[in-house]
Amino acid sequence: NVEGCPEEYDDGSEYYAGDRVSVTAAGEDYGKIFACKGWPESDHCGTDAYSPLNTEKLCNGDVCWPQAWNRVGGCLGSYSPTGTPTFDPANVEGCPEEYDDGSEYYAGDRVSVTAAGEDYGKIFACKGWPESDHCGTDAYSPLNTE
């Protein structure tokens, strides 16, 4: 699938796990999309040596970018513009399951929490490792206000 291109990779910018960038080689009409890998590899996504633009073989005779980035596809143009998002609390749907103390949660799991007296809830996502080890503990529960 060819889709619109995300922002171009920018040397010196900070990138985090899951961030998507595009790289369009000089003289080409299409770009390549890269996604920053999860931690600990994501620590390298903003480093010049691991840039998807870098073609120098600096990592034991190989280019370094595959250690920090996944190539996920091709792109053409830019993301299509969309309308301004709106929020109507009376028309909210699709919340994930309510958070359950003591359940096991893993990186990327999403839960909802509806505070007493509220008509709608908030959505929380379990962070990646090593923080994901705490997602099911009482001390790190989204219900814990202490």
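Which pattern does the protein follow when read along the sequence? In this predicted model, the protein follows the pattern β-β-β-α-β-β-β, and its secondary structure comes to 1 helix and 6 strands, where helices (H or I, at least four residues) and strands (E, at least two) are DSSP runs numbered from the N terminus. Because the model is predicted, local features need pLDDT of at least 70 and side-chain atom pairs count only at pLDDT 80 or more, while totals for chains, interfaces and linings use all residues. Residues are numbered from 1 along each chain as its sequence is written, and side-chain values use heavy atoms, with hydrogens and water left out.

**Burial and contacts**

- Of the 146 residues in the protein, 23% are buried, a term that means under 20% relative accessible area, with exposed meaning over 50% and partly exposed lying in between (1.4 Å probe, protein chains only).
- Among contacts (heavy atoms within 4.5 Å) between residues at least 6 apart in sequence, 49% join residues at least 24 apart.

**Aspartate 133**

- Aspartate 133 is found in the segment that comes after strand 6 (122–125), and it counts as exposed because its relative accessibility is 53%.
- The C-alpha atom of aspartate 133 is separated by 9.2 Å from that of glutamate 104, although the two residues are 29 apart along the chain.
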